[in-house]
Amino acid sequence: MKATNVINKIISFFLTKIIIGIAAIAGAVILIESVFRPLLGKIKFSDELTNGIVGFLESAAAVIIYFFLFKFYEKREITELTPGTYGRYVKAGFYIGFLLQSLFIFVIFIAGDYTIVQVNPFSDMIPAFIMAFTAGFVAEIIIIGIVFRLIEQQFGTGLSITIMIIIFIIAHSGVKDGNLVSVLSTSIVAGLLLPASYVFTRNLLFPIFLHFAWDFTEPGIYGAINPSISITKSLFESKVSGSRLITGGPLGPQNSIQALIICLVLGFIFLWLAKRKNNLIPLRTSVRV
């Protein structure tokens, strides 16, 4: 009986949940990539159509696995993916992601460092749209839905966000071409802004679509560099030059000083709004097993 209790405690431990959740989704993504991409290639689908189908399957797999795994694991309703709020949080998240990237570009434009060289067909945005859509769903289901949510349940909101920021600082401190501003900017976006947006709404669709619009707008619309989205087509073919502090240099506008400041402020606004809604989880210093 004692052995059974120990096993149950290990299985229900938050780190175990994190490992199982990440492994399940990562395994599904690897399986889809290894099975469906070669299969669609044999059917002679275009690269864009293949990427679209594979991206949709990976996104759907991430949502489905998360929903049923934690519904079974935690024996609860998965309210953070409630369909009834879909439209509201999808639109709000997308608009904020789009406006943030537009604001970063606007600062560069005002500084005289952003020039539109050519306007391309709307279809040129498709590759960025597909890649950003997949990244938004898979990344935020894992980072916010699994990692942050379970850490927050264990330690409270404030300490958990601090932990997330530190994790991203460590993870990006050795990135090629990185500097202090780029490391802090990435860490504030991923470790503060996106978790805070979830805490404010308690709905995963909000950070998912904020991330989606963020990754889509920067390279797909404005033709700027986004380190995580590698594409050759965009709506605006642009030229960005000038101070790295403003342009973000080789890591793009999302790693600029204005991105750091704006996202830091917005992250704290989300937390302030979350506090007003009583959505913050109090500090917990002991690990619950």
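Phe36 has a relative accessibility of 34%, so this residue counts as partly exposed, a class that lies between 20% and 50%. Phe36 sits in helix 2, and the model you are looking at is a predicted one. Together with Leu31, Val35, Leu39, Ile43, Phe45 and Leu49, Phe36 forms a nonpolar patch on the surface, with about 600 Å² of accessible area together. Helix 2 gives the largest share of this patch, four residues.

Now for the charged side chains. Side chains of opposite charge can pair when their charged atoms come close. The count here comes to nine salt bridges, and the table shows some of them.

| Salt bridge | N to O distance |
|---|---|
| Glu33 and Arg37 | 2.7 Å |
| Glu48 and Lys233 | 3.6 Å |
| Glu77 and Lys71 | 3.1 Å |

Glu33 and Arg37 are both in helix 2, four residues apart, about one turn of the helix. By contrast, Glu48 in helix 3 and Lys233 in the loop between helix 8 and strand 2 link distant parts of the chain, 185 residues apart. In the remaining pair of the table, Glu77 is exposed at 54% relative accessibility, while Lys71 is partly exposed at 29%. Salt bridges with shared partners also join Lys17, Glu74, Arg76, Glu80 and Arg149 into one network.

Finally, how much space lies in the largest pocket? The figure is about 630 Å³. Its lining has 33 residues, and His172, His211, Asp215, Ser228 and Gln254 are the closest to the centre. By class, 17 lining residues are nonpolar, 11 are polar and five are charged.

Definitions and conventions:
Residues are numbered from 1 along each chain as its sequence is written. This is a predicted model: local features need pLDDT of at least 70, side-chain atom pairs count only at pLDDT 80 or more; totals for chains, interfaces and linings use all residues. Side-chain values use heavy atoms; hydrogens and water are left out. On a 1 Å grid over the protein atoms alone, a cavity is a set of points where a 1.4 Å probe fits but cannot get out, and a pocket is an open set with protein on both sides within 12 Å along at least five of seven lines; lining residues have an atom within 4 Å of a point. Grid points are joined across faces, edges and corners, and a volume is the space filled by probe spheres set on the points. Ala, Val, Leu, Ile, Met, Phe, Trp, Tyr, Cys and Pro count as nonpolar, Asp, Glu, Lys and Arg as charged, and the others, Gly among them, as polar. Patches are made of residues with over 30% relative accessible area and no salt bridge: like charges are joined within 9 Å, nonpolar side chains (Val, Leu, Ile, Met, Phe, Trp, Tyr) within 5 Å. Accessible areas come from the Shrake-Rupley method with a 1.4 Å probe; for residues, only the protein chains shown count as cover. A salt bridge is a side-chain nitrogen of Lys or Arg within 4 Å of a carboxyl oxygen of Asp or Glu. Helices (H or I, at least four residues) and strands (E, at least two) are DSSP runs, numbered from the N terminus. Buried means under 20% relative accessible area, exposed over 50%, partly exposed in between (1.4 Å probe, protein chains only).
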